[in-house]
Amino acid sequence: MICWARLRRLEGVVQHLGVKVDDDGDIHHDGTRSMSTAGAPGMDDNTPEPPDRSLSLSPPPSTVGSDGQSLDANFGRLVEALQSILYESSEEEQDTPSPASGPHEDLSHHGFIFGFSSLASSLHQFHPQPQLMEKYLNIYLTHVDPLVRMAHYPTMRAQMLAIRDNNMICTKGEEAMLFAMYFAVVTALSPEVCQRDLEESRALLVSRYRFAFEQALARAHFMVTEELVVLQAFVIFLICLRRHEDARVIWSLVGLVVRVAINLGLHRDGTSFGLPALETEVRRRTWWQICILDVRSSEDHGCDPTIMDIFDTKYPLNVNDEDLVPGSKTFPTPRTGICQMTFCLIRFSVADTFRRLRLPSSVKGGLADKSFQEREQYIADSHRQLEDTYLVHCDMKDVSWPSDRTNVTDTCSHEIGS
């Protein structure tokens, strides 16, 4: 149903073309009454006239409007205005219901971008039961963290359990991270496993945790935040949101993430600032996860990546979290072979290869304008480097890896390109 507010906007378009509409709905041109609803059967002064569904798209007779231009010249703009007004989404006219009303409600998820966080006075009710908190953390460690490793998991786990024991009292940044983790866990599980292990339907939990996360992110003032944990929560959320949302939304939000990351200086390696080893590694991990997200969202949207040659952030080290000591300035020696960071490092390398293949040659490292042979050689060299650095060390008996090295590369390529 077309709302009357849109008709008022349509009147504004018509008036701009030199036609006046008075308060009674009468339409005048050059002082001449041309059409009126007065005296129409079944209509009184208080009944608005329904819009004419059979609007003609034929141009009116050539007439000079109030702006000195002919109506013929402005007809194209009139048609575009009509289409915009009559066919734009009606979501903006709907009130946003609470997630408690069901998982299939058509929620508006754009308010949080502008800091709108008044839909719920408290987010405490959206957390899972305390006895389920450790189960969420364990599922996150096994199902999510291997692919989106950013934080130092031992430190994060201790913080989250401390929050649970303190009646869920936490900072705004920690609250955003919690709901991002919940959302990621639910996204990673099948509906059957989610119902069995988390004791609620997957659709309901996705709706609940998405709503709660967006509220938490707005409360954390994410667009001006100086907390890395807020940005990490946003990245985790967007990685998982690709399963639930239109590609255009993800692509737009990734642009926002990139700029927040640059505001935090993640495009510069932590060694340039003399930061401790752990903090430098966490910053590297976060930046390269953003690079992956940028490549994937740009491919989904059919455009070039947002991140060009603006950074000098190095790859993270091939180490386990236990190798990183909080507060230490000494970087651990990278491990040879497979460890906790290896799979992410392979994904970072594949994403960087895709990024370079799409960037123009005017950008440092760009290969889009190179010959087919040069691009093919670059791909072969990248594959050989992955093979010699990581894949040759794969333990075929390790169930956490595919059955052969070729499948590892295929799996990574699928993860990046899907």
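This is a predicted model: local features need pLDDT of at least 70, side-chain atom pairs count only at pLDDT 80 or more; totals for chains, interfaces and linings use all residues.
Which residues is R285 in contact with, leaving aside its neighbours within four places in sequence?

Residues are numbered from 1 along each chain as its sequence is written, and side-chain values use heavy atoms, with hydrogens and water left out.

First, the overview. The protein has 13 helices and 3 strands; these are DSSP runs, H or I of at least four residues for helices and E of at least two for strands, numbered from the N terminus. Of its 418 residues, 44% count as buried. Buried means under 20% relative accessible area, exposed means over 50%, and partly exposed is in between, with a 1.4 Å probe and protein chains only. Taking contacts (heavy atoms within 4.5 Å) with a separation of 6 or more, 66% are between residues 24 or more positions apart.

Now back to R285, which sits in helix α10. Its contacts beyond those sequence neighbours are R149, M150, A151, P316, D321, L324, M341 and F348. R285 counts as buried, because its relative accessibility is 0%. Its side chain also reaches the backbone oxygen of A151, at 3.3 Å.

Next stop, N320. You'll find N320 in the loop between α10 (277–301) and α11 (342–358). N320 is buried too, since its relative accessibility is 12%. Setting aside neighbours within four places in sequence, N320 touches R335, C339 and Q340.

On to helix packing. Helix α3, residues 130–148, packs against α11 at about 40°, with the axes 7 Å apart. The axes are lines fitted to C-alpha atoms, for helices over the stretch in contact, and angles run from 0 to 180 degrees between N-to-C directions. So α3 and α11 are oblique to each other: under 35 degrees would be roughly parallel, over 145 roughly antiparallel, 65 to 115 roughly perpendicular, and the rest is oblique. P146, L147 and V148 of α3 meet F343, C344 and R347 of α11.

Last, the cysteines. Counting pairs of cysteine sulfur atoms within 2.5 Å as disulfides, we get 0. C170 is partly exposed at 25% relative accessible area, whereas C240 is buried at 10%.

Methods
A polar contact is a pair of N or O atoms within 3.5 Å; within protein, one must be able to donate a hydrogen and the other to accept it, and residues adjacent in sequence count only if both atoms are side-chain atoms.
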